[in-house]
Amino acid sequence: MSQTITIDPVTRLEGHGKITIQLNDQGEVADAHFHVTQVRGFERFCEGRPFYEMPALMARICGICPVSHLVASAKACEAIMSVRIPHTAAQLRRVLNLAQMVQSHSLSFFHLSSPDLLLGMESDPTKRHIFGVAAQNPELGRAGIALRRFGQRVIELLGSKRIHTGWVIPGGVTDPLTAANRDEILAMMPEAYSNVKLALAAYKQLASNFKQEIEVFANFPSMYLGLINEDDSIEFTDGTLRLIDEKGKTVEESITATQFPDLIGEAVEPYSYTKFVYYKPFGYPEGSYRVGPLARLNIVKKMGTPLAEPELAEFKQLANGPVESSFYYHHARLIEVLYGIERIEQILADPLILDKHVRATAGVNRLEGAGQSEAPRGTLHHHYKVDADGKMVWANLVVATGHNNNAMNKGVLQAAKAYVRNGKFTEGALNRVEAVIRTFDPCLSCSTHAFGQMPLAMTILSADGEVVDKVVR
């Protein structure tokens, strides 16, 4: 008799989701799905609002990566305004976006995934959390908390708030950086370097204990997408997109935000509110690909900072071509944290970093605009249309979790087949299936929004539980 195993909720994720594993009559895994069960609807909420409100509105989508939405949204608005922002404003946005990457990656690695790595996939589930990590390895636990605090404090020093800052606006930023705040950021650097070096050393020691997980944690050939600079170095805020195939060969080069909708499509499946993003020329699902830290490090040829450069070279030795196992998202994430700290220090040495000219102004000069940036977990694209008065008439957001959606579903199926046999499984086996999703660090709050016909059903029950009415849309 067929059976369905349900993991609900999937824990240690940003948002709410569940996994279902379908077994056949012999008790073997026949299929598996990752379900995102939320509906947000931000694209509809904004219709009728002035376009210049969009960055502040879109930042409310998520409490973990609001900065990425601020940046992508502001860039879409600036395309509508047809303005180029001042040099210092662009530099300060880069610092803000990198600081968010550092704090978000630290949250993902230390708070959400390190309990599995340090304590073990089969360890007591009541102790698989950051406090369990701190009890087992106090130095590592303190390093994780301190790294996240570093990123949050940089965001606060720039934007006056740790989350949901409104500092990034269409045309630049609201206020310049002060010398005192710059000096405070620089003073925090030594501790941040020490903590990320400790984390990288700990990860490399622990990774050798997870050879089986590396083999089955979404380990398959795919394409990869991410922002890159003209000199082939990593980029989070500017640059253009590059898409490579499973061998590392470039499929598309220099994709701008304007070109993005012509090349990237979105499909829907009945079991999730998150869309499935794909490369249009290959169709769906053949055109699916991965984004985020693993994809970025597979795409770039250099980091551009002295400490991250040898780490990238060591990372690329893991495979002859793109690194395929999603387990290595953890490794890539820590290398990016190191890069982020270095790059922030480099940018703060810019002689114009304290310049007072940080905002360009203009009205509506185009009725359509698009912007893109790299969120910690992958590529983010905002696309807006406005009327002649600048009021929003249409918006579409393509977020990292949508790009990775097909890979995450393939990954949970691969892991489920490895750890669920003859209808039998342990708690640790199901934890491994969940851990596949954690490697991607999906943001489920960002990823869900209205698209076409929503499979929404509302049932009204009487006091005794009888169905009074049912509405299906």
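Here is a short chat about a predicted model of a protein and how its parts are arranged.

User: Before we start, what kind of model is this?
Analyst: Residues are numbered from 1 along each chain as its sequence is written, and side-chain values use heavy atoms, with hydrogens and water left out. Local features need pLDDT of at least 70, side-chain atom pairs count only at pLDDT 80 or more, and totals for chains, interfaces and linings use all residues, since the model is predicted.

User: How many helices and strands are there in the protein?
Analyst: Helices (H or I, at least four residues) and strands (E, at least two) are DSSP runs, numbered from the N terminus. Going by that, the protein has 16 helices and 16 strands.

User: What is the radius of gyration of the protein?
Analyst: The radius of gyration is taken over C-alpha atoms, and the globule rule is 2.2 Å times the number of residues to the power 0.38. For 473 residues that rule gives 23 Å, and the protein comes close to it, so it is as compact as a globular protein of that length. Along its principal axes, the C-alpha trace spans about 70 × 55 × 50 Å. The radius of gyration itself is 22 Å.

User: What percentage of the residues of the protein count as buried?
Analyst: Buried means under 20% relative accessible area, exposed over 50%, and partly exposed in between (1.4 Å probe, protein chains only). Out of 473 residues, the buried share is 59%.

User: How many residues of H3 are buried?
Analyst: Helix H3 covers residues 66-81 and reaches 22 Å from its first C-alpha to its last. That is close to the expected 22 Å, where the expected span is 1.5 Å times one less than the number of residues. H3 is largely enclosed by the rest of the structure, because the buried count is 16 of the 16 residues.

User: Which residue follows H3?
Analyst: The residue in question has a positive phi, near 60°. Its name is Ser82.

User: How many of the 20 residues of H12 are buried?
Analyst: Helix H12 (residues 329-348) reaches 28 Å from its first C-alpha to its last, close to the 28 Å expected. H12 is mostly covered, with a buried count of 17.

User: Thr305 sits in a loop, so is it buried or exposed?
Analyst: The loop of Thr305 runs between helix H10 (293-299) and helix H11 (308-316). Contact means heavy atoms within 4.5 Å, and beyond its neighbours within four places in sequence Thr305 is in contact with Tyr339, Glu342, Arg343 and Gln346. At 2% relative accessibility, Thr305 counts as buried.

User: Which side chain joins that of Thr305 in a polar contact of 2.7 Å?
Analyst: A polar contact is a pair of N or O atoms within 3.5 Å; within protein, one must be able to donate a hydrogen and the other to accept it, and residues adjacent in sequence count only if both atoms are side-chain atoms. The partner of Thr305 is Glu342.

User: Which side chain makes a polar contact of 3.3 Å with Asn406?
Analyst: Asn406 is in helix H14 (residues 405-419) and counts as buried, at 14% relative accessibility. Not counting residues up to four places away in sequence, Asn406 touches Phe276, Tyr284, Pro285 and Ser288. The polar contact is with Ser288.

User: Which residue does a cis peptide bond join to Tyr284?
Analyst: For this bond, omega is about 5°. The residue lies in the loop between strand S10 (276-279) and strand S11 (289-290). Its name is Pro285.
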